[in-house]
Amino acid sequence: MKIGIDRIAFATSNQFVDMAELAHARHEDPNKYLIGIGQKKMAVIPPTQDIVTLAASAAKKVLGPEERDHLGMIMFATESAVDNSKSAAAPLIRLLDLDPHVRVAELKQACYTGTAGLQLAKGQIALHPEQVVLVIAADIARYGLDTPGEPTQGGGAVAMTVRVNPRILALEDDAAVVTKDIMDFWRPFGCDAAFVDGKYSTEVYLDFLADTFAHYQKMNGRTLDDFAALLFHLPFTKLGLKGLRQLIADADPKVGARLAQQFEAAREYGSQVGNLYTGSLYLSLISLLENSTTLRAGDRIGLYSYGSGAEGEFYSGILQPGFAAQFTTKPTGQALASRKQVSVPEYEKLYDAAVHGPAECVLNADDDPADFVFTGVHNHIRQYEHREN
Ligand code: HMG
């Protein structure tokens with residue numbers, strides 16, 4: 001039985017800051033951000049958006065009548081939780097007007113859990129082949145203004161439906177996983193920005209890639225030649241490029257050149273959004289499918305998922321006939337191209353305005369064109385609105 005990703009969509013805010021402008025403001029050479037980090041633009045998330053509203057916007061795009069009728073489970077992957085108890089999936093039932101006879105839960109292991117959500121969805125569908133599972137990967141990456149991590153911020157949500165006979169990517173049963181107790185990146189209770197040992201985190205990311213890929217090869221006997229493209233978790237796109245270079249160092253140059261060409265298609269949208277933690281790998285899948293011109297049904301795609309703390313997984317999926325139909329109009333590329341640019345001072349003001357923890361506040365969402373907005377907190381309860389625009 002084939003099980004995998006049937007539909008996939010992305011949502012972020014309608015505004016970005018230009019990385020060359022941010023570099024000037026931070027007295028850095030723009031090429032450090034553009035080439036050294038590999039980022040061109042960074043999504044700026046206004047206070048009226050959070051993981052719930054971003055998730056609702058992404059999920060709305062993948063939930064048609066058929067998906068709604070068969071929805072059995074929602075797995076919400078995030079490390080930007082808005083409540084210590086309640087899952088961010090629960091408000092989606094009301095905001096998206098879903099049948100409440102559905103199992104929901106929130107998953108946490110840094111950036112890794114978009115993949116955990118997909119693997120759990122696969123298990124659910126194996127037991128209940130009549131169902132559809134919605135997997136959400138939504139986050140807002142925050143390190144603080146004028147910190148080394150700042151150029152690697154970003155945010156957004158990817159929504160994926162998983163079912164039998166998927167139209168995009170059938171998930172193979174071939175995952176190699178590694179987990180170790182490591183302090184490369186963490187966010188203690190009460191802190192709205194992450195603590196990170198930046199250089200160390202990049203070393204662990206690359207070490208886990210070497211470990212999971214070697215383990216994968218041992219388990220499955222595949223070589224690089226078996227993959228049409230390799231996708232990476234992209235906290236910033238240069239790190240994915242380093243990962244690719246590490247894997248292809250001893251490869252046949254023709255295979256290496258092919259994978260490097262696909263990587264350019266796969267990193268385009270990440271370079272325009274920044275890190276969205278759990279969703280970054282899956283935004284890269286969308287970027288590949290919208291921007292590559294050489295993929296064919298039956299091609300094997302390798303995916304490297306990494307979450308600090310730390311967990312890595314390498315697995316693969318097979319492109320399905322008709323996969324291209326959902327991407328011919330490049331919906332994500334168009335949405336990214338229609339965003340408005342904000343200046344560095346405007347971005348800083350929006351960054352500082354993010355709401356963390358007050359019992360009461362009211363937010364004015366008149367300038368936010370999104371269908372779903374966060375309008376404040378009343379009696380410790382977050383207020384969300386669904387507006388038809
Ligand atoms: P930094 O220390 O300011 O930067 O911060 P740098 O000095 O290392 O420079 C970065 C690169 O730019 C270097 O290239 C420089 O040579 C180059 P590299 O040596 O690495 O190839 N450079 C230039 N290139 C061209 N022209 C120039 C120029 N100047 C310099 N003029 C750091 C970098 C990544 C440490 C920082 O941004 C950071 O801490 N970011 C956050 C942590 C992070 O993203 N880690 C990634 C791995 S962990 C992960 O992926 C998990 C995560 O997503 C969270 C989760 O799982 O939940 C983060």
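Predicted model: local features only at pLDDT ≥ 70, side-chain atom pairs only at ≥ 80, totals over all residues.
Residues are numbered from 1 along each chain as its sequence is written, and side-chain values use heavy atoms, with hydrogens and water left out.

**Two domains**

The chain is split into domain 1 (3-169 + 329-386) and domain 2 (171-324); these bounds come from an automatic or database domain assignment. Their C-alpha centres are 19 Å apart. Where they meet, 59 residues of domain 1 are in contact (heavy atoms within 4.5 Å) with 55 residues of domain 2. About 4,400 Å² is buried between the two domains, and carbon and sulfur atoms give 57% of that. Cys111, Tyr112 and Leu169 supply 16% of what domain 1 buries against domain 2, more than any other three residues. Buried area here is the accessible area (1.4 Å probe) that two parts lose on being put together, summed over both.

**Salt bridges**

A salt bridge is a side-chain nitrogen of Lys or Arg within 4 Å of a carboxyl oxygen of Asp or Glu. The whole structure has 20 of them, and 3 salt bridges cross the interface of domain 1 and domain 2. Here are two from the structure:

| Pair | Closest N and O atoms |
|---|---|
| Asp173 and Lys122 | 2.8 Å |
| Arg382 and Asp50 | 2.8 Å |

Arg382 sits in strand E18 (residues 381-386) and Asp50 in the loop between strand E3 (41-43) and helix H3 (51-62), so this pair ties together parts that are 332 residues apart in sequence. Helices (H or I, at least four residues) and strands (E, at least two) are DSSP runs, numbered from the N terminus.

**The second largest pocket**

On a 1 Å grid over the protein atoms alone, a pocket is an open set of points where a 1.4 Å probe fits, with protein on both sides within 12 Å along at least five of seven lines; lining residues have an atom within 4 Å of a point. The second largest pocket has a volume of about 810 Å³, volume being the space filled by probe spheres set on the points, which are joined across faces, edges and corners. Its lining has 37 residues, with Pro148, Thr152, Gly198, Thr202 and Phe236 nearest the centre. Helix H7 (198-220) is among the elements that give two or more residues, and H7 gives the most, with 7 residues.

The peptide bond from Gly309 to Ala310 is cis, with omega near 5°; Ala310 lies in the loop between strands E13 (300-307) and E14 (311-319). Tyr277 isn't a glycine, yet has a positive phi of about 45°. You'll find Tyr277 in the loop between helices H9 (253-273) and H10 (280-291).
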